[in-house]
Amino acid sequence: MAYLRLSHDMQSKSLHLYSKCLLILLILFSPIIIAAGGNTLKEEINTGINAYNRGDYEAAKKIWTKAANANSASAQYNLGQMYRMGQGVTIDYQQAKTWYMAAAKQGHPQAQGNLGTLYYHGKLGEPDYSEAYKWLLPAAQQHNTQAQRMIGAMLYNGDGVKKDIVQSFAWLTLASEKNQQAMANKNQLEQELTALQKQNAQRLVDKLRSTPKTDELKTPARETTTPTSKAPLQYRVQLGAYRLEETAKETFLKLQNRMPDLLGELKLKIELTSPDSPESTLFRLQAGGFSERRDAKTLCEQLKKKGSNCVVVKT
């Protein structure tokens, strides 16, 4: 394994971090976490979430800006998401950085991860791997799967940090518990390690696992509830149709590797068609799902911009 790729696209100045939208899809770094600075602030943020779910981004932004200025890490993160994804505002990576930075300094792991990814992608100028590593590492230490995978790849490649395949294997081992691409990378790297290196990596894994999770850390008080849509997940993004199931799975892994920012945390669905003749059987490769068609459409449009064909389908 000469080079463990995060993706060409990650280095090609395209970042909409594994996302369908701000409140519904987990992307690599994309869940909304409500910050609670007292009952009034909590109620205001919930009002913002309701506005967001109605598509009233202007109202959500106004409410979250007030909460962010009151030092709510999660409201700061939410605003960073809006500016990065262009929801209710023009995409502005510098503004996204400002809000992510404010939340990241308070220990918000998703903000740390997204900030690191902005630096990695070169969205704030030239790619800055050292700065990316600086912010991705604390996110990974707080059990952020996508950050763990990126840290593992950076340690293997020597991007912004000294190459260390033992540490790389340890981080990929952790990430592989929830991420298919990390599992593939881990399995590749394992072939290069000696028995002693594997033992050392396992000791590091055990140590990293003992790190307290986000809600156990001594950070500013946060409401742990994550707002989600109660609507059924009835839409998916179809990425292709293949004769063999294995081909569909391999294609999804390749697409995840190329576009982890968009597909890194999406669930894979392979749907078998039921044609009249076995010769016409196809395995449809789909990602999602989504409760709103507009969210699936947004993801599909982002994928098309990166050269990947797709269609929105209703389940």
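Residues 24 or more positions apart supply 66% of the chain's contacts that have a separation of 6 or more. The model is predicted. The chain holds 13 helices and 4 strands. Of its 315 residues, 53% are buried.

**Whole chain**
- The accessible surface comes to about 14400 Å².
- Carbon and sulfur atoms account for 48% of that surface.
- Buried residues make up 53% of the chain.

**Lys134**
- Lys134 sits in helix α6, which covers residues 129-141.
- The relative accessible area of Lys134 is 48%.
- Lys134 therefore counts as partly exposed, because the exposed class starts only over 50% and the buried class lies under 20%.
- Gln112 is 22 residues away from Lys134 along the chain.
- The C-alpha atoms of Lys134 and Gln112 are separated by 9.0 Å.

**Gln148**
- Gln148 belongs to helix α7, which runs over residues 145-157.
- Is Gln148 buried or exposed?
- Gln148 is buried, because its relative accessibility is 5% and the cut-off for buried is under 20%.
- Neighbours within four places in sequence are set aside for the contacts of Gln148.

- Lys134 in helix α6 is partly exposed at 48%.
- Gln148 in helix α7 is buried at 5%.

Key
Residues are numbered from 1 along each chain as its sequence is written. This is a predicted model: local features need pLDDT of at least 70, side-chain atom pairs count only at pLDDT 80 or more; totals for chains, interfaces and linings use all residues. Side-chain values use heavy atoms; hydrogens and water are left out. Helices (H or I, at least four residues) and strands (E, at least two) are DSSP runs, numbered from the N terminus. Buried means under 20% relative accessible area, exposed over 50%, partly exposed in between (1.4 Å probe, protein chains only). Contact means heavy atoms within 4.5 Å. Accessible areas come from the Shrake-Rupley method with a 1.4 Å probe; for residues, only the protein chains shown count as cover.
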